[in-house]
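Please go through the notes below with the model open beside you. They move from the whole chain to single side chains.

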Amino acid sequence: ISIMQKLLAALILTICVSSGYAQTDKGDWLTGGAVYFSTSSSEGITLSDTFITSSVNFNVSAFGGYFVVDNLCVGLGFGYGRNAATNNYAPIELTDISTSLSVEAIARYYYWNGDHVKLWTGLGVRKGFGKYDDHFYDYDDQGNGNGKEANQVDDIATFSIGFGPGASIMLNPKLALEVYFGSIGYSGYTLKREDGSYDYTTNSFGISLANTFGFGITYHFIKD
C-alpha cells in the first residue's frame, strides 16, 4: 500500500468518526499560508533528435480572510511562484526559469464541518508580475555546430481563475493542517521583450488532477 493510499484511508476514517461542528461562523477570521507544487514531463522524437521536457512549478502564499456568513470566507492573499522548465536535447540541457509575485482574491465555502476534519471548495482570482529567464543555445556563424549557452530576460504578466477542493485537518480547535489536490480553471500568460522585438500571449482552460498537490497551515480567530 502506497503512502498516499495510507493517508487517504486515515483521512476517510477521521471523517467517519467526526461529529459536531467546528468553528466557521460569521464574524470569525482565518489566516494562513500554503505551499503548492506540480510536476510534468514529456518526450518528443523527430527525424534527427529526441528531446525531453520536464517542469517543476512551486508556489508559496500567505492569506487572510473573514467569514461574511457561516461557512463562507472571503479574503486576500499574496504569493511567490517559481517555475523551472528543463529542455534536454541530448547532449544539450537548458533550463528556463520564471519567477513572479502575485496578489489574489479568494473565497472558500465549507460544506463539511466536523470536529476533526473540514472539507471545502475554494475559488481564487490571481494577478501576477515577474521575470522569465530564457536559456538557449547560441550557435556561432561558422556553420560547424559549435556555440554556447546564452540567455534573455523578459517581463511576464499572469492572470488566473481557479476552483478546487481542499481538506482541513484540525490539530486543535483553532489550528489546521490543510491539503489541496487538483484544480479547474483559466490561466493567461503574457511575455514582452523590453526592446519590443517579441510579444507572446497564451490562454488556457483545463483540469489539473495528476501530480498536483498543495499543503498549508491555517489559524482560526474565533469571535467571543
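What share of the 224 residues in the protein chain is buried?

1. Overall burial. Buried residues make up 29% of the 224 residues in the protein chain. Buried means under 20% relative accessible area, exposed means over 50%, and partly exposed lies in between, with a 1.4 Å probe and protein chains only. This is a predicted model, in which local features need pLDDT of at least 70, side-chain atom pairs count only at pLDDT 80 or more, and totals for chains, interfaces and linings use all residues. Residues are numbered from 1 along each chain as its sequence is written, and side-chain values use heavy atoms, with hydrogens and water left out.

2. Fold layout. The protein chain has one helix and eight strands. From the N terminus the order is α-β-β-β-β-β-β-β-β. Helices (H or I, at least four residues) and strands (E, at least two) are DSSP runs, numbered from the N terminus. Among contacts between residues at least 6 apart in sequence, 63% join residues at least 24 apart. Contact here means heavy atoms within 4.5 Å.

3. Surface. The protein chain exposes about 13500 Å², and carbon and sulfur atoms supply 62% of that area. Accessible areas come from the Shrake-Rupley method with a 1.4 Å probe; for residues, only the protein chains shown count as cover.

4. Nonpolar patch. Look for a nonpolar surface patch of about 630 Å², made by Val35, Phe37, Phe58, Val60, Tyr80, Leu101, Val179 and Phe215. Patches are made of residues with over 30% relative accessible area and no salt bridge; like charges are joined within 9 Å, nonpolar side chains (Val, Leu, Ile, Met, Phe, Trp, Tyr) within 5 Å. Strands β1 (29-45) and β2 (50-69) each supply at least two of the patch residues. Tyr80 belongs to strand β3 (residues 72-89). It counts as partly exposed because its relative accessibility is 33%.

5. Salt bridges. How many salt bridges does the structure hold? There are four. A salt bridge is a side-chain nitrogen of Lys or Arg within 4 Å of a carboxyl oxygen of Asp or Glu. Side chains of opposite charge can pair when their charged atoms come close.

6. Arg126 and Glu104. These side chains meet in a salt bridge (3.2 Å, N to O). The pair links distant parts of the chain, with Arg126 in strand β5 (residues 117-139) and Glu104 in strand β4 (residues 92-113), 22 residues apart. Arg126 is partly exposed at 26% relative accessibility. Glu104 is buried at 17%.

7. Arg108 forms a salt bridge with Glu178, and the closest N and O atoms are 2.7 Å apart. Arg108 is in strand β4 and Glu178 in strand β7 (residues 175-192), so this pair ties together parts 70 residues apart in sequence. Is Arg108 buried or exposed? Arg108 is buried, because its relative accessible area is 10%. Glu178 is also buried, at 0% relative accessibility. The charged end of Arg108 also sits over the ring of Trp120, 3.6 Å from its centre. A charge sits over a ring if NZ of Lys or CZ of Arg is within 6 Å of the ring centre and within 35 degrees of the ring normal.

8. Asp155 and Lys131. Their side chains meet in a salt bridge (2.4 Å, N to O). Asp155 is in strand β6 (residues 147-170) and Lys131 in strand β5; the pair links distant parts of the chain, 24 residues apart. Asp155 is partly exposed at 29% relative accessibility. Lys131 is partly exposed at 37%.

9. Aromatic pairs. The structure holds five aromatic pairs. Rings of Phe, Tyr and Trp (its six-membered ring) pair if their centres lie within 6.5 Å; planes under 30 degrees apart count as stacked, over 60 as edge-to-face and the rest as tilted. Trp29 and Tyr66 have ring centres 4.7 Å apart and planes at 55 degrees, so the pair is tilted. Trp29 is in strand β1 and Tyr66 in strand β2, 37 residues apart.

10. Ser55. This residue is found in strand β2. At 18% relative accessibility, Ser55 counts as buried. Leaving aside neighbours within four places in sequence, Ser55 is in contact with Ser38, Thr39, Ser40, Asn83, Ala84 and Ala85.
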